[in-house]
Amino acid sequence: MLNKLIGNNRIKETLRRLIEAKRVPNALLFAGEEGIGKRLFALELAKVFVCQNSKTIEACDSCNACRRAEVFNLPKTGDKDENEKIFFSELSDIGLVRPAGKFITVKQIRDVETEANFRPFEASARFFLIDDADKMNDAAANALLKTLEEPPAASHIFLITSRPMSLLPTIRSRCQMLRFAPVDAKEIESYLLKTKKFAPDDAELIARLSRGSLGYALEIDLEKFRVQREAMQKVLESLLMKKDRAALLRTAEEMNDAKNKDVYENYLEILETLIHDVWALHLGAGEEAIVNVDLKTGLQRLAEKADSRKLAAWLSEIENMRESFAVNINRKIATDALFMQMAN
């Protein structure tokens with residue numbers, strides 16, 4: 001049922017019209033940011049064609065076929081040998097392809113071409129969901145193009161990607177594109193509260209942090225986030241109130257500790273978000289414009305000491321440092337230099 005999905009009501013209406021008119025294209029491109037539900041929408045559309053309840057134009061979600069269609073036995077790792085195939089759900093007319101290692105390979109796409117030419121086993125059509133479609137290597141992309149040029153009548157191929165412009169223009173031109181928008185923070189907050197796993201204040205904060213991605217919202221570890229955010233808040237306090245360079249260097253050392261190797265980028269993202277919040281408050285914005293709403297009082301004090309030009313320069317310096325990581329510079333030295341430059 002499409003109405004159980006969060007956000008993107010315009011996409012829901014488009015899909016309903018296509019289903020009702022019996023004009024679902026053989027090739028659809030689901031494009032939008034990570035974690036906003038593109039694959040769920042694609043799967044829900046496929047379920048319409050397998051549902052055993054004919055009373056509505058949407059999947060009922062309760063019949064045996066609907067329940068089986070959602071169950072995929074996927075390996076827990078991205079290892080190439082384990083992933084270089086089509087994963088069929090328990091209902092064998094719905095298949096999923098995902099990257100095998102770094103790429104989707106030509107073998108996987110040729111398997112799709114072969115399977116797409118078979119008649120449906122139980123449903124009225126067969127469906128192949130290609131997740132992270134932008135990760136097809138050149139050979140795979142060219143093989144898919146041949147399939148899209150003459151798509152089998154009883155099969156549908158759904159490409160799912162957060163980077164549609166990375167696909168071949170000829171592939172994009174043969175697909176009808178559905179552009180997904182980030183999910184509204186209020187909708188994410190409401191969804192989190194309905195799960196009854198989050199306190200109201202936590203649900204509000206997570207929704208604001210999610211950047212419109214329900215998938216990201218569900219992955220956030222608030223306890224770890226708050227520890228990292230406290231460190232970055234102290235950076236801003238050292239810059240704007242205490243003028244404490246020694247504290248900045250201690251924080252740089254903490255960020256680059258071996259135990260923080262995998263979350264270093266998280267620190268930078270949190271710092272950027274805090275700077276944006278301080279900037280918004282400095283310009284007189286209300287709490288609806290900030291992410292870290294639970295820190296509003298402290299951020300307001302920082303905003304009173306801030307200067308718009310400095311805040312803009314800090315954001316540029318952080319991004320410049322990120323770009324420099326592409327050439328393998330020493331992160332510790334780079335972080336020290338960044339904080340000292342920000343302090344000047």
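Reader: What do Glu319 and Arg322 form, and how far apart are the closest N and O atoms?

Author: A salt bridge is a side-chain nitrogen of Lys or Arg within 4 Å of a carboxyl oxygen of Asp or Glu. Here Glu319 forms a salt bridge with Arg322, and the closest N and O atoms are 2.9 Å apart. This is a predicted model, in which local features need pLDDT of at least 70 and side-chain atom pairs count only at pLDDT 80 or more, while totals for chains, interfaces and linings use all residues. Residues are numbered from 1 along each chain as its sequence is written, and side-chain values use heavy atoms, with hydrogens and water left out.

Reader: Why are Glu319 and Arg322 separated by about one helical turn?

Author: Helices (H or I, at least four residues) and strands (E, at least two) are DSSP runs, numbered from the N terminus. Glu319 and Arg322 are separated by about one helical turn because they lie 3 residues apart in helix 15 (residues 308–324). Salt bridges that share partners also join Lys4, Glu44, Lys47, Asp61 and Glu70 into one network, and by this rule the count comes to 26 salt bridges.

Reader: Which residue forms a salt bridge with Lys107?

Author: Lys107 pairs with Asp111, the closest N and O atoms being 3.0 Å apart. The two residues are 4 residues apart in helix 5 (residues 106–116), so about one helical turn separates them.

Reader: Is Asp134 buried or exposed?

Author: Buried means under 20% relative accessible area, exposed over 50%, and partly exposed in between (1.4 Å probe, protein chains only). Asp134 counts as buried because its relative accessibility is 11%, whereas Arg163, at 48%, counts as partly exposed. The side chains of Asp134 and Arg163 meet in a salt bridge (3.5 Å, N to O). This pair links distant parts of the chain, 29 residues apart, with Asp134 in the loop between strand 4 (126–131) and helix 6 (138–149) and Arg163 in the loop between strand 5 (155–161) and helix 7 (169–173).

Reader: At roughly what angle do the axes of helix 13 and helix 14 cross?

Author: Axes are lines fitted to C-alpha atoms, for helices over the stretch in contact, and angles run from 0 to 180 degrees between N-to-C directions. The axes of helix 13 (residues 264–282) and helix 14 (residues 296–305) come within 8 Å and cross at roughly 70°. That makes helix 13 roughly perpendicular to helix 14, a label given to angles of 65 to 115 degrees, with under 35 roughly parallel, over 145 roughly antiparallel and the rest oblique.
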